Amino acid sequence: GRDVVLPGDAIDDDDTIASVTRGYRDAWAVVDEIADASPLDECCRDVGAEAMVDLRWVLTHLLEETARHAGHADILRELLDGSTGR
């Protein structure tokens with residue numbers, strides 16, 4: 001496999017919504033490439049975690065975290081504009 005350089009998580013003074021969104025989408029392109037090339041039961045590279053996990057666990061975790069943060073963003077939007085709904 002190839003080494004992947006992950007973007008930092010700091011916000012720079014010159015960041016915009018567009019640049020952060022572009023970075024997010026670019027990162028997902030890398031995730032898609034790795035996921036497409038790997039079996040779901042393949043163990044991930046050891047990064048010193050307590051237990052090794054496989055790609056299926058990582059993708060499930062990413063889905064859960066994305067949904068959780070989308071929910072948080074929706075709560076903030078509701079507090080700002082008062083709009084609720086389905």
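Guide: A salt bridge is a side-chain nitrogen of Lys or Arg within 4 Å of a carboxyl oxygen of Asp or Glu. Keep that in mind as we look around this model, which is predicted.

Visitor: How many salt bridges does a search of the whole structure find?

Guide: The search finds four salt bridges. Take Asp 81 and Arg 77, whose side chains meet in one of them, with an N to O distance of 3.1 Å. Asp 81 and Arg 77 sit four residues apart in helix α2, so about one helical turn separates them.

Visitor: Why does a spacing of three or four places matter in an α-helix?

Guide: An α-helix has 3.6 residues a turn, so residues three or four places apart point the same way. For another case here, look at Arg 68 and Glu 65, which are three residues apart in helix α2 (residues 55-81), about one turn of the helix. Their side chains meet in a salt bridge at 2.3 Å, N to O.

Visitor: Which residues do salt bridges with shared partners join into one network?

Guide: Follow Arg 77 to see part of the answer. Besides its bridge to Asp 81, Arg 77 meets Glu 78 in a salt bridge of 3.9 Å, N to O. Bridges that share partners join Asp 74, Arg 77, Glu 78 and Asp 81 into one network.

Visitor: How many aromatic pairs does the structure hold?

Guide: There is one aromatic pair. The rings of Tyr 24 and Trp 28 have centres 6.4 Å apart and planes at 70 degrees, so this pair is edge-to-face. The angle decides the label, because planes over 60 degrees apart count as edge-to-face.

Visitor: Where do Tyr 24 and Trp 28 lie?

Guide: They lie in helix α1 (residues 17-36), four residues apart, so about one helical turn separates Tyr 24 from Trp 28. Tyr 24 is partly exposed, with 47% relative accessibility, and Trp 28 is partly exposed as well, at 26%.

Visitor: What is a disulfide? And how many does the count come to here?

Guide: A disulfide is a covalent bond between the sulfur atoms of two cysteines. In this structure the count comes to zero. Cys 43 is in no disulfide, and the nearest cysteine sulfur to its own, that of Cys 44, is 7.2 Å away. Cys 44 is likewise in no disulfide. A disulfide needs the sulfur atoms within 2.5 Å.

Technical notes. Residues are numbered from 1 along each chain as its sequence is written. This is a predicted model: local features need pLDDT of at least 70, side-chain atom pairs count only at pLDDT 80 or more; totals for chains, interfaces and linings use all residues. Side-chain values use heavy atoms; hydrogens and water are left out. Rings of Phe, Tyr and Trp (its six-membered ring) pair if their centres lie within 6.5 Å; planes under 30 degrees apart count as stacked, over 60 as edge-to-face and the rest as tilted. Helices (H or I, at least four residues) and strands (E, at least two) are DSSP runs, numbered from the N terminus. Buried means under 20% relative accessible area, exposed over 50%, partly exposed in between (1.4 Å probe, protein chains only).
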